[in-house]
Amino acid sequence: MAALKNSSKVFTLASGDKIPAIGLGTWQSSKSQTAKAVQHAISVGYRYIDTAYGYGNETEVGEGVRASGVPREQLWITTKLDNPWHKRVAEGLDASLENLGTSYVDLYLMHWPSSVLPDDPKKVYDDWNFVDTWREMQKLLGTGKVRNIGVSNFGITNLEKLLNDPSCQIRPAVNQIELHPNNPSPKLVAYCRDKNIHCTGYSCLGSTDSPLYEDPTLQAIAQSRGKTPQQVLLLWGIQNGWDVIPKSVTPERIASNLDIDGWELTEDEIKKLNSLPGRTKVCKDDWLPEKVFFGDDE
């Protein structure tokens, strides 16, 4: 049997475009570290970088991409529309493209289903919501500036609201959501699969100081395989059917996270990880002026 090439695996979106199974996440990567992290990631084989206007590091991501010397068309870049830009979708995209120094992105996501006022992020518009924002995002596909559009942090409740609205003519290609064994969201993943919406898993390693790493089941699987817990978690996500975007700025960890070729988890190991009892949500909605998570995705 040929060696398993998990690091170069891709998932095919509804558009026919192929998103890599693993990319470099840049949430919480500081401006001073991002460019070098991106450049290093590409040098060791990553071809997928995830960022967002709201992360404040799009410019540095662009610098790292250019410094890598790899042609733009060989890379997948995802970025996101920030909440205060919901009424200015085309302008928001242009701002991100200028930051990144590229003429297009492969995937443009609505970062959160919350349309906040630009001058007061503690309030939402009374005449606009994420359905209106999606109507404007659909228009981007005819501009040549985006290859695919999608959403992020959408649960079943808000996906139902979006997909059932008559103005929704194009379904999101992707829903980027928090996915790890302590936040597996099986109902949401199944819902997206049924609607042909691909999932991207963020905080796929459980984020910094995650209690996941103390879990005896994860530790036992990693030790028996001679792998790191991080490598096990990444393959768990990929084998469950979504792409993963682990964040790191440390060269050794960036390389280690991509070192997932030549093996796979057994069905029994995946079932054990699917059944971990703990529940931890890294990204909550208490900082938003409205509730976006309703506890219906588990």
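Trainee: In which loop is Ser-203 found?
Mentor: This is a predicted model, in which local features need pLDDT of at least 70, side-chain atom pairs count only at pLDDT 80 or more, and totals for chains, interfaces and linings use all residues. Residues are numbered from 1 along each chain as its sequence is written, and side-chain values use heavy atoms, with hydrogens and water left out. Helices (H or I, at least four residues) and strands (E, at least two) are DSSP runs, numbered from the N terminus. Ser-203 is in the loop between strand 11 and helix 7 (216–225).

Trainee: What is the phi of Ser-203?
Mentor: Most residues other than glycine have a negative phi. Ser-203 is not a glycine, yet its phi is positive, at about 50 degrees.

Trainee: What is the phi of Asn-196?
Mentor: Asn-196 sits in the loop between helix 6 (186–194) and strand 11 (198–202). Its phi is positive although Asn-196 is a residue other than glycine, with a value near 60 degrees.

Trainee: Which strands stand at the edges of the sheet, each with a single partner strand?
Mentor: Two strands pair if DSSP finds at least two bridges between them. Eight strands form an open sheet with parallel pairing, in the order 3-4-5-6-9-10-11-12. Each edge strand has a single partner, so one side of it has no neighbour in the sheet; the two are strand 3 (24–25) and strand 12 (243–244).

Trainee: In strand 9, what is the bridge partner of Tyr-108?
Mentor: Strand 6 (residues 107–110) and strand 9 (residues 149–152) run parallel and are joined by three bridges. In strand 9, Tyr-108 is bridged to Ile-149.

Trainee: In strand 8, what is the bridge partner of Leu-117?
Mentor: Strand 7 (residues 116–117) and strand 8 (residues 120–124) pair in the antiparallel sense over two bridges. They form a hairpin with two residues between them. The partner of Leu-117 in strand 8 is Asp-120.

Trainee: How are helix 2 and helix 3 oriented to each other?
Mentor: Axes are lines fitted to C-alpha atoms, for helices over the stretch in contact, and angles run from 0 to 180 degrees between N-to-C directions. The axes of helix 2 (residues 58–68) and helix 3 come within 7 Å and cross at roughly 45 degrees. Angles under 35 degrees count as roughly parallel, over 145 as roughly antiparallel, 65 to 115 as roughly perpendicular and the rest as oblique. Helix 2 and helix 3 are therefore oblique.

Trainee: Which residues of helix 10 meet helix 8?
Mentor: Helix 8 (residues 229–240) and helix 10 (residues 267–274) pack at about 100 degrees with axes 11 Å apart, and are therefore roughly perpendicular. Contact means heavy atoms within 4.5 Å. Val-232, Trp-236, Gln-239 and Asn-240 in helix 8 meet, in helix 10, Ile-270, Leu-273 and Asn-274.

Trainee: What is the volume of the largest pocket?
Mentor: On a 1 Å grid over the protein atoms alone, a pocket is an open set of points where a 1.4 Å probe fits, with protein on both sides within 12 Å along at least five of seven lines; lining residues have an atom within 4 Å of a point. Points are joined across faces, edges and corners, and the volume is the space filled by probe spheres set on them. For the largest pocket this is about 850 Å³.

Trainee: Which helix supplies the largest share of the lining of the largest pocket?
Mentor: The lining has 43 residues, with Trp-27, Gln-28, Ser-207, Thr-208 and Lys-247 nearest the pocket centre. Strand 8 and helix 9 (251–258) each supply at least two lining residues. The largest share, three residues, comes from helix 9.
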